[in-house]
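Colleague: Hi! I have the model open and would like to walk through it with you. Could you start with the surface and then take me inside?

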Amino acid sequence: MMAELFQWSDEFSVGVGDIDDQHFELVGLLNQLHTAVRERRGSAAVRSTLDELVDYTRTHFAVEERMMRDSAYPDYAEHRIYHEALIDQVRALQQKLDSGEASITFELLHFLRVWLVRHICESDKRFGKWYQEHGTRADWMPAMQQAMKQRRWWQFWR
Ligand SMILES: [Fe+2]
């Protein structure tokens, strides 16, 4: 087996189980996309893997942001800007893929991995610390966990 793009390890834990679980899933989806590109699977297969990664990411961001609002996180606005900037970039990429102006390259996969590592290790860890002290177990969380497991994420952001 060839090396994965992104090897998960405990150093990426932000100390909040729900967020760690979702980051683990995200890393898995990113690795799947890497495999699809590396094995030169057809563009439809690659595209559907990308779309799944994007949908999961958007839902994960929505969940994280809700946890931030619930716990009155002081850096919420700043953190949200990072999320939105990435979503905007990815949306532009999807448009370029649709029009045939771009393809998914290893350079792009590398960018996504670096973005995720940086975001987790800097921004998310800062929030994780806050949430450990100020977070409360909100009543929407069990439904969210169930939905994330079943990949019914649309209801969180559409
Ligand atoms: Fe985040």
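Modeller: Happy to! The accessible surface of the protein is about 9000 Å², and 50% of that belongs to carbon and sulfur atoms. Those areas come from the Shrake-Rupley method with a 1.4 Å probe, and for residues only the protein chains shown count as cover. Keep in mind that this is a predicted model, where local features need pLDDT of at least 70 and side-chain atom pairs count only at pLDDT 80 or more, while totals for chains, interfaces and linings use all residues. Residues are numbered from 1 along each chain as its sequence is written, and side-chain values use heavy atoms, with hydrogens and water left out.

Colleague: Thanks. How many helices and strands are there in the protein?

Modeller: There are 5 helices and 0 strands. Both are DSSP runs numbered from the N terminus: helices are H or I with at least four residues, strands are E with at least two.

Colleague: And why call the protein as compact as a globular one of that length?

Modeller: Its radius of gyration is 16 Å, close to the 15 Å that the globule rule gives for 158 residues, so the protein is as compact as a globular protein of that length. The radius is taken over C-alpha atoms, and the rule is 2.2 Å times the number of residues to the power 0.38.

Colleague: What share of the residues is buried?

Modeller: 42% of the 158 residues count as buried. Buried means under 20% relative accessible area, exposed over 50%, and partly exposed in between, with a 1.4 Å probe and protein chains only.

Colleague: On to the metal. Which residues are the protein donors of the iron ion?

Modeller: Glu64 (OE), His79 (NE2), His83 (NE2), His119 (NE2) and Asp124 (OD), at 2.0 to 2.3 Å from the iron ion. Along the sequence their spacing reads E-x14-H-x3-H-x35-H-x4-D. Donors are N, O and S atoms within 2.8 Å of the metal (3.2 Å for Na, K and Ca), and sites may look incomplete because water is not among the atoms.

Colleague: Where do His79 and His119 sit?

Modeller: His79 is in helix H3 (residues 76-98) and His119 in helix H4 (residues 106-134), so this pair, 40 residues apart, links distant parts of the chain. His79 is buried at 3% relative accessible area, and His119 is buried too, at 5%.

Colleague: Nice. Which residues have the most contacts inside the largest nonpolar core?

Modeller: Met67 and Ile104, in a core of 44 residues. The largest share, 9 residues, comes from H2. A nonpolar core here is a set of buried Ala, Val, Leu, Ile, Met, Phe, Trp, Tyr and Cys residues joined through side-chain atoms within 4.5 Å.

Colleague: What is Met67 in contact with, beyond its neighbours within four places in sequence?

Modeller: Val16, Ile19, Phe127, Tyr131, Trp140 and Met141. Contact means heavy atoms within 4.5 Å.

Colleague: Is Gln94 buried or exposed?

Modeller: Gln94 counts as buried, at 14% relative accessibility. This residue of helix H3 is in contact with Arg47, Leu50, Asp51 and Val54, leaving aside neighbours within four places.

Colleague: Last topic, the backbone. What is phi of Arg40?

Modeller: Phi of Arg40 is near 50 degrees, a positive value in a residue other than glycine. Most residues other than glycine have a negative phi. Arg40 is in the loop between H1 and H2 and is exposed at 76%. Ala72, in the loop between H2 and H3, has a positive phi of about 50 degrees as well, and Ala72 is exposed at 58%.
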